[in-house]
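This report describes selected features of one protein chain. Please look through the sequence and the structure before reading on.

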Amino acid sequence: MTTYIPSITLPEAIFANPATSILLPVGLGLGVGYSVSPKLARRTYSAVKQPPYKPPPQVFGPAWTTLYALMGYAAHRSWTTGTASLDPTTVQLTKQGATLFTIQLGLNLIWMPLFFGLQRPIEATADIVLLTGVTGYLTYVWSQVDSVAAWCMVPYLGWLGFATYLSAGVGYLNDWNIADKERNTKSS
């Protein structure tokens with residue numbers, strides 16, 4: 001069980017404002033995506049051996065934008081519902097959820113630089129496994145505060161499960177080394 005840790009938790013004002021709560025994860029995800037270079041990511045994604053059921057690259061942008069918006073809305077909804085409660089347990093769960101949300105967002109945002117930027121599939125897969133676990137626990141905590149917030153996290157959990165499969169599958173099929181894959185496609 002985690003607890004509320006103010007020093008690592010996003011400020012309360014972010015959760016209280018619906019636009020900020022939704023746009024912050026969307027903007028951070030977009031920023032990380034562009035900082036890693038969409039062209040590099042596409043080239044690497046196309047060059048590596050993939051497990052079955054891999055989606056086309058153009059699916060990732062709209063899928064992640066939708067998931068980031070849903071998680072932001074869930075954070076806002078959970079925060080506003082939970083902090084308005086007269087039950088101290090609900091308020092504590094709300095604050096605990098804010099810390100878990102912040103942790104999962106950080107874990108989410110480092111996956112792409114680990115996988116595509118540093119080309120470290122082992123570390124990226126470990127990150128996404130931890131991310132999925134934290135997000136599952138966050139969803140459980142939020143289910144005790146606001147069921148709609150918890151249900152907003154279900155598509156994200158499903159996508160994380162699939163992304164974990166893809167990350168581990170790419171790592172395994174490429175002997176956990178994708179560092180030379182993108183370079184080989186440049187010379188072709």
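With which residue does R77 form a salt bridge? The partner is D146, and the closest N and O atoms of the two are 2.6 Å apart.

## Basis of the report

The model is predicted, so local features need pLDDT of at least 70 and side-chain atom pairs count only at pLDDT 80 or more, while totals for chains, interfaces and linings use all residues. Residues are numbered from 1 along each chain as its sequence is written, and side-chain values use heavy atoms, with hydrogens and water left out.

## Salt bridges

Side chains of opposite charge can pair when their charged atoms come close. A salt bridge here is a side-chain nitrogen of Lys or Arg within 4 Å of a carboxyl oxygen of Asp or Glu. By this rule there are two salt bridges. Helices are DSSP runs (H or I, at least four residues), numbered from the N terminus.

Is D146 buried or exposed? D146 counts as buried because its relative accessibility is 9%, while R77, at 26%, counts as partly exposed. Buried means under 20% relative accessible area, exposed means over 50%, and partly exposed is in between (1.4 Å probe, protein chains only). The other salt bridge joins the side chains of E123 and R120, with an N to O distance of 2.6 Å. E123 is partly exposed at 31%, and R120 is partly exposed at 42%.

## Helices α4 and α7

How do the axes of α4 and α7 cross? The axes of α4 (residues 60–83) and α7 come within 8 Å and cross at roughly 145°. Axes are lines fitted to C-alpha atoms, for helices over the stretch in contact, and angles run from 0 to 180 degrees between N-to-C directions. The crossing is left-handed, which means that the near helix is turned anticlockwise from the far one by less than a right angle. Residues making the contact include F60, W64 and R77 of α4 and V148, M153 and W159 of α7. Contact means heavy atoms within 4.5 Å.

C152 is one of the α7 residues in this contact. C152 counts as buried because its relative accessibility is 12%. Leaving aside neighbours within four places in sequence, C152 is in contact with L70, Y73 and A74. C152 and G169 are 17 residues apart in sequence and 27 Å apart in space, C-alpha to C-alpha.

S167 counts as buried because its relative accessibility is 1%. Beyond neighbours within four places in sequence, its contacts include W111, F115, I128 and W176.

W176 is found in the loop between α7 (147–173) and α8 (181–187). At a relative accessible area of 34%, W176 is partly exposed. W176 makes a nonpolar surface patch of about 420 Å² together with I122, Y172 and L173. Such a patch is made of residues with over 30% relative accessible area and no salt bridge, with nonpolar side chains (Val, Leu, Ile, Met, Phe, Trp, Tyr) joined within 5 Å. Accessible areas come from the Shrake-Rupley method with a 1.4 Å probe, and for residues only the protein chains shown count as cover.

Notes
Patch = residues over 30% accessible without salt bridge, like charges linked within 9 Å, V, L, I, M, F, W, Y side chains within 5 Å. Helix = DSSP H or I, 4+ residues; strand = E, 2+ residues; numbered from the N terminus.
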